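Student: Hey, can we go through this structure together? I'd like to ask about bits of it as we go.

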Amino acid sequence: MNTLRKLCSVALFPAMVFGITGACIWVLESGRRDLFQTIHLTTISAGFVALFGLERLFAHRREWNEGRDRDFWTDLLHNVFGAISFPTRLAIRVAILTATVAWLASAVGTTGVWPSTWPLVTRAALLVLLGEFFYYWAHRLAHEVEPLWRLHATHHSPTRLYWFNADRFHPFDLLVLGAARAIPAVALSADVDAIAIQSLLVSVCGKLQHVNVELALRPWNGLFATADWHRWHHSTIQTHCNYGNTLIVWDRIFRSAYRPTDGSGPENVGLADMPAFPTGFVGQLLSPFLWRRLERLSAQTTTAARAAQTGTP
Ligand SMILES: [Zn+2]
Ligand SMILES: [Zn+2]
């Protein structure tokens, strides 16, 4: 079992990141694009089923396998709603960005600089790097600008991390973050294959950031925004760090990368100062519009808890 645990901790990250994207790039580059959907769905489904099993076998934190506050059902509804609303979000995103790019092009002239003759792996890598830059700043602003934080708080509400809450996002937050990531693809007229690989990598890395499996990530921490970084992003004491979804390079450049040198993870994750934040799906959808009330209730809850601790009435 120990050998299996070690093998899983070393192999899971590269197998999923390079295995899934590599298989899809190979299918597209070898002219078998008719197989793309099959390979894409098969590999990604197998990967996610594996994550579910591995969390039970080789948990990073055993207590994070316990469902709390019916959070599995909340995450299931976020996943289902996110999938159903995807075409609408995509249409809004593309319409806004295309109109903006058309306006810019008429003002400064068209660019036409997308390197369409490069191999797919380098086109996708370029798109990931540029997309991450815009995602980095949108995510950072979501933590630093209050109206955006009201939307983003839903993603930080879980008190445990596991692969299935990687997609716990308020739909308006998804719209903003997704639009930011799509800016280079629309502005440079990137090809659909590169966009498909970028989306795939974003999805796989998102799940691996949250997965509750013990992983040996040292070789990958220099480039990727792994779980070692992202758990600190969800920490109750250190959330203003590690904004990358796929890459950690922009955090390093803009000095927001944080991880203790001893490699330890955070004690607790979640919204420490918002105990009244809703735990259910509908409450979370409404939370940005009930923010002041939630703040007031949270302050009352915190005061009552302190009073109970100190014995003051
Ligand atoms: Zn965040
Ligand atoms: Zn997260």
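Student: Where does I237 lie?
Tutor: I237 is in the loop between α8 (227-233) and α9 (249-253). Helices here are DSSP runs of H or I with at least four residues, strands are runs of E with at least two, and both are numbered from the N terminus. One caution: this is a predicted model, where local features need pLDDT of at least 70 and side-chain atom pairs count only at pLDDT 80 or more, while totals for chains, interfaces and linings use all residues. Residues are numbered from 1 along each chain as its sequence is written, and chains are lettered from A and ligands numbered from 1 in the order in which they are written.

Student: OK, and is I237 buried or exposed?
Tutor: I237 counts as exposed, because it has 10 C-beta neighbours inside 10 Å. The rule is that 20 or more other C-beta atoms within 10 Å of a residue's own make it buried, 12 or fewer make it exposed, and anything in between is partly exposed, with C-beta atoms placed from the backbone.

Student: How far apart are I237 and F86?
Tutor: They're 151 residues apart in sequence, and 32 Å apart in space, C-alpha to C-alpha.

Student: What about N242, where is that found?
Tutor: N242 is also in the loop between α8 and α9. N242 is buried, with 24 other C-beta atoms within 10 Å. Its phi is near 55°, a positive value in a residue other than glycine.

Student: Switching to helices: which residues of α2 are buried?
Tutor: H40, G47, L51, L54 and E55. Looking down the axis of α2, the buried residues fall within an arc of 100°, so they line one face of the helix. That arc is taken from the directions from the helix axis to the C-beta atoms.

Student: Why would residues spaced out along a helix point the same way?
Tutor: An α-helix has 3.6 residues a turn, so residues three or four places apart point the same way. On the face of α2 turned away from its buried side you'll find exposed residues, including Q37, L41, F52 and R56.

Student: What do the buried ones in α2 pack against?
Tutor: Against α1 (2-29) and α7 (192-210).

Student: How do α1 and α2 pack?
Tutor: At an angle of about 170°, with their axes 9 Å apart. Axes are lines fitted to C-alpha atoms, for helices over the stretch in contact, and angles run from 0 to 180 degrees between N-to-C directions. The two helices are therefore roughly antiparallel to each other. For that label, under 35 degrees is roughly parallel, over 145 roughly antiparallel, 65 to 115 roughly perpendicular, and the rest oblique.

Student: And α1 with α7?
Tutor: Those two pack at about 165°, with axes 10 Å apart. That makes α1 roughly antiparallel to α7. Among the residues making the contact are F13 and I20 of α1, and L200 and V204 of α7. Contact means C-beta atoms, placed from the backbone, within 7 Å.

Student: Last one: how many residues does α11 have?
Tutor: α11 (residues 291-310) has 20 residues. The number buried is one, so α11 lies largely in the open.

Methods. Contact = placed C-beta atoms within 7 Å. Expected span 1.5 Å × (residues − 1).
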